[in-house]
Amino acid sequence: MERGSKRGSEGRRTTSPGAVRRRFDQFAAEVAKFGAVGTAGLLVNLLVFNLVRHTTDLQVVRASVVATVVAICTNYIGFRYFTYRDRDKSGRTKELTLFLLFSAVGLVIENGVLYAATYGFGLDSPLQSNVFKFVGIGVATLFRFWSYRTWVFRTLPAREAVASAEAILEDLPEGGAVPGRRKQRQRVG
């Protein structure tokens with residue numbers, strides 16, 4: 001049976017309102033923390049992008065790749081020690097490998113949008129480059145959020161079990177008796 005769920009009178013699974021609310025609140029807090037770290041990463045990304053673009057002779061997409069790599073490093077620290085600090089920390093090598101893999105896919109998505117705008121459509125002014133850099137970051141962020149929470153910073157199994165047990169206890173009537181079940185007498189002998 002799923003976490004916090006029980007069978008209704010027709011055999012369908014139902015979820016208690018308290019468990020749904022708690023899961024929504026946890027998800028909302030995760031999104032807010034992810035957004036805070038992401039906003040810091042966005043600022044780092046755009047700042048480094050514009051700094052590299054205007055102080056070096058690098059082409060626009062190469063400057064963007066440099067900025068994205070710097071932002072990835074900044075974001076890992078924020079995600080590991082702020083957003084997902086309560087998640088499993090046992091496999092740091094695997095976590096970092098997966099983080100870098102999914103970040104590389106995000107880098108391709110992000111800079112692919114900028115590449116298409118710059119070289120496919122000839123939109124290369126500083127303003128246009130920043131707009132398409134921003135759009136690319138937005139698209140890549142959706143992928144990163146899904147991949148990081150699903151594969152990189154996994155929830156500890158023990159926390160899921162505790163949350164499930166708490167949801168079941170909340171569904172019980174006062175006194176802890178299970179409806180429709182009589183107490184069994186203990187036989188001696």
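The model is a prediction in which local features need pLDDT of at least 70 and side-chain atom pairs count only at pLDDT 80 or more, while totals for chains, interfaces and linings use all residues. Residues are numbered from 1 along each chain as its sequence is written, and side-chain values use heavy atoms, with hydrogens and water left out.

**Overall architecture**

The protein has 5 helices and 2 strands, where helices (H or I, at least four residues) and strands (E, at least two) are DSSP runs numbered from the N terminus. Along the sequence these elements follow the pattern β-β-α-α-α-α-α. Of the 189 residues in the protein, 30% are buried; buried means under 20% relative accessible area, exposed over 50%, and partly exposed in between, with a 1.4 Å probe and protein chains only. Among contacts (heavy atoms within 4.5 Å) with a separation of 6 or more, 69% join residues 24 or more positions apart.

**Helix packing**

Two packed helices are described by the angle between their axes and the distance between the axes. Here the axes are lines fitted to C-alpha atoms, for helices over the stretch in contact, and the angles run from 0 to 180 degrees between N-to-C directions.

| Helix pair | Angle between axes | Axis distance |
|---|---|---|
| Helix 1 and helix 2 | about 150 degrees | 8 Å apart |
| Helix 3 and helix 4 | roughly 155 degrees | within 8 Å |

Helix 1 (residues 17-55) and helix 2 (residues 60-83) are therefore roughly antiparallel to each other, a class that takes angles over 145 degrees, whereas angles under 35 count as roughly parallel, 65 to 115 as roughly perpendicular and the rest as oblique. The crossing of helix 1 and helix 2 is right-handed, meaning that the near helix is turned clockwise from the far one by less than a right angle, with anticlockwise giving a left-handed crossing. The contact of helix 1 with helix 2 comprises 15 nonpolar, 8 polar and 3 charged residues; Ala, Val, Leu, Ile, Met, Phe, Trp, Tyr, Cys and Pro count as nonpolar, Asp, Glu, Lys and Arg as charged, and the others, Gly among them, as polar.

Helix 3 and helix 4 are likewise roughly antiparallel to each other, and their crossing is right-handed. Their contact divides into 18 nonpolar, 6 polar and 4 charged residues.

**Nonpolar cores and buried positions**

A nonpolar core is a set of buried Ala, Val, Leu, Ile, Met, Phe, Trp, Tyr and Cys residues joined through side-chain atoms within 4.5 Å. The largest has 13 residues, of which F34, F79, Y84, F99, Y148, V152 and F153 touch the most other members. Helix 1, helix 2, helix 3 and helix 4 are the elements that give two or more residues to this core. Apart from it lies another core of 8 residues, including F49, V52, A67 and L114.

Leaving out residues up to four places away in sequence, Y84 touches E30, F34, F79, F145, R149 and F153. The buried residues of helix 4 include S129, K133, G136, R144, F145, Y148 and V152, and what covers the buried residues of this helix includes helix 1, helix 2 and helix 3.

**Two individual residues**

T118, in helix 3 (residues 92-120), counts as buried at 6% relative accessibility. Beyond its neighbours within four places in sequence, T118 is in contact with V60, L123 and D124.

P126, in helix 4 (residues 126-152), is partly exposed, with a relative accessible area of 42%. Not counting residues up to four places away in sequence, P126 touches R53 and H54. P126 and R53 are 73 residues apart in sequence and 9.0 Å apart in space, C-alpha to C-alpha.
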